[in-house]
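The sequence and the structure come first.

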Amino acid sequence: MLDKALPKNPMPMLSAWLEESWTTADTPNPNKMAITSARVLDGVAYPSTRIVLLKDANFDSGFVVFYTNYQSRKGRELLSNSRASALIHWDKLGRQVSLEGVIVKSPPEESDAYFATRHRSSRIGAWTSNQSQPVDSRDDLVANLKATEQRFEGQEVPRPPHWGGLRLWIDHIELWCDGEFRLHDRAVWQRSLGHATDPTAGGEWSVTRLQP
Ligand SMILES: Cc1cc2nc3c(=O)[nH]c(=O)nc-3n(C[C@H](O)[C@H](O)[C@H](O)COP(=O)(O)O)c2cc1C
């Protein structure tokens with residue numbers, strides 16, 4: 001359950017829940033997060049959702065980071081319509097986190113540093129896959145992989161410019177705990193962000209408990 005007196009700032013709780021999930025969630029990727037983007041056409045939003053891995057967070061500023069191909073469907077959608085929502089659920093912990101906010105690219109040097117920690121095969125893969133684009137056959141994909149391996153033979157694999165981090169600056173977060181008799185406990189924290197396209201740490205959080 002959430003505390004009776006809800007804290008003003010939800011970030012220490014988010015930090016604690018993410019930390020705890022590594023030891024208690026009992027799943028290979030406790031940091032998996034569904035991220036929803038939306039393409040807007042003639043005033044109609046077409047949302048789409050997929051799983052990514054939450055790789056970093058800044059709890060002082062209030063953003064989480066994941067890595068992807070900027071030219072993928074999600075990349076293009078999130079970089080043109082920067083509003084996004086994300087969801088994390090840990091069955092064993094009976095907890096759910098819903099996030100909403102604004103997407104901004106991570107600074108290039110931060111993406112470089114993370115890319116350098118990845119296994120060489122993942123770095124080769126980032127150059128090989130035009131993520132979300134059609135491919136004629138699996139064989140074509142494997143041939144592209146071989147060509148990329150040859151291209152970088154005996155060399156370091158640099159970060160492709162189309163691959164890197166995306167920060168989700170949070171302005172709406174709901175923390176949810178499983179409760180007896182379906183009397184789950186949930187609360188939502190909201191704040192405004194400093195700037196729509198280049199957010200800075202926003203205003204004060206306000207908190208509201210919600211019915212389950
Ligand atoms: C457990 C898991 C983790 C994943 N992690 C990532 C990730 O961190 N980044 C990423 O781009 N795709 C990741 N994927 C693949 C995405 O779910 C998705 O298929 C891919 O990014 C293409 O999405 P899009 O075409 O909607 O842009 C992951 C998939 C799974 C099942």
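## Overall fold

In this predicted model, residues 24 or more positions apart account for 62% of the contacts in the protein chain with a separation of 6 or more. The protein chain has 212 residues, of which 25% count as buried, and its C-alpha trace spans about 60 × 40 × 30 Å along the principal axes.

Five helices and eight strands make up the secondary structure of the protein chain. Read from the N terminus, these elements follow one another in the order α-β-β-β-α-β-β-α-α-α-β-β-β.

## The largest nonpolar core

The largest nonpolar core contains 26 residues, and those that touch the most other members are V97, I103, L168, W169 and I173. At least two residues of this core come from each of α1 (11-24), β1 (32-41), β3, β4 (83-90), β5 and β6 (163-177). Of these elements, β6 supplies the largest share, with six residues.

For I103, when residues up to four places away in sequence are not counted, the residues touched are L78, L79, S82, A84, L166, R167 and L168.

V102 lies in strand β5, which covers residues 95-105. V102 counts as buried because 21 C-beta neighbours fall inside 10 Å, the cut-off for a buried residue being 20 or more. The C-alpha atom of V102 is separated by 8.6 Å from that of S85, although the two residues are 17 residues apart along the chain.

S111 belongs to helix α3, residues 108-117, and is likewise buried, because 21 other C-beta atoms lie within 10 Å. Which residues does S111 contact once its neighbours within four places in sequence are left aside? The contacts of S111 are then with S106, R159, G164 and G165. S111 and P161, which are 50 residues apart in sequence, have C-alpha atoms 9.7 Å apart in space.

## Packing of α4 and α5

Two packed helices are described by the angle between their axes and the distance between the axes. For helix α4 (residues 120-128) and helix α5 (residues 138-151), the angle is about 115 degrees and the axes are 9 Å apart. The crossing in which α4 passes α5 is right-handed.

On the side of α4 the contact is made by I124, W127 and T128, and on the side of α5 by N144, L145, T148 and E149. By residue class, this contact of α4 with α5 divides into three nonpolar, three polar and one charged.

## Surroundings of the ligand

The ligand is surrounded by 16 residues, the closest of which are R50, T68, S72, K74 and S132. Two or more residues of this shell are given by each of β2 (44-58), β3 (63-69) and α2 (73-80). The most is given by β2, with five residues.

In terms of residue class, the shell around the ligand divides into five nonpolar, seven polar and four charged residues.

## Positive phi values and an exposed strand residue

Most residues other than glycine have a negative phi, and most peptide bonds are trans. Against that background, D26 has a positive phi of about 60 degrees although it is not a glycine. D26 is located in the loop between α1 and β1, and counts as exposed because 11 other C-beta atoms lie within 10 Å, where the limit for an exposed residue is 12 or fewer.

S132, which is among the residues closest to the ligand, also has a positive phi, near 80 degrees, in a residue other than glycine. S132 sits in the loop between α4 and α5. With 15 C-beta neighbours inside 10 Å, S132 counts as partly exposed.

S206 is found in strand β8, residues 206-210, and is exposed, with 11 other C-beta atoms within 10 Å. S206 and S192 are 14 residues apart along the chain, and their C-alpha atoms are separated by 9.8 Å.

Key
Residues numbered from 1 in each chain as written. Predicted model: local features only at pLDDT ≥ 70, side-chain atom pairs only at ≥ 80, totals over all residues. Near = placed C-beta within 6 Å. Helix = DSSP H or I, 4+ residues; strand = E, 2+ residues; numbered from the N terminus. Nonpolar A, V, L, I, M, F, W, Y, C, P; charged D, E, K, R; others polar. Contact = placed C-beta atoms within 7 Å. Core = buried A, V, L, I, M, F, W, Y, C linked by C-beta atoms within 7 Å. Axes fitted to C-alpha atoms, helices over the stretch in contact; angles between N-to-C directions. Left-handed = near helix turned anticlockwise from the far one by under 90°.
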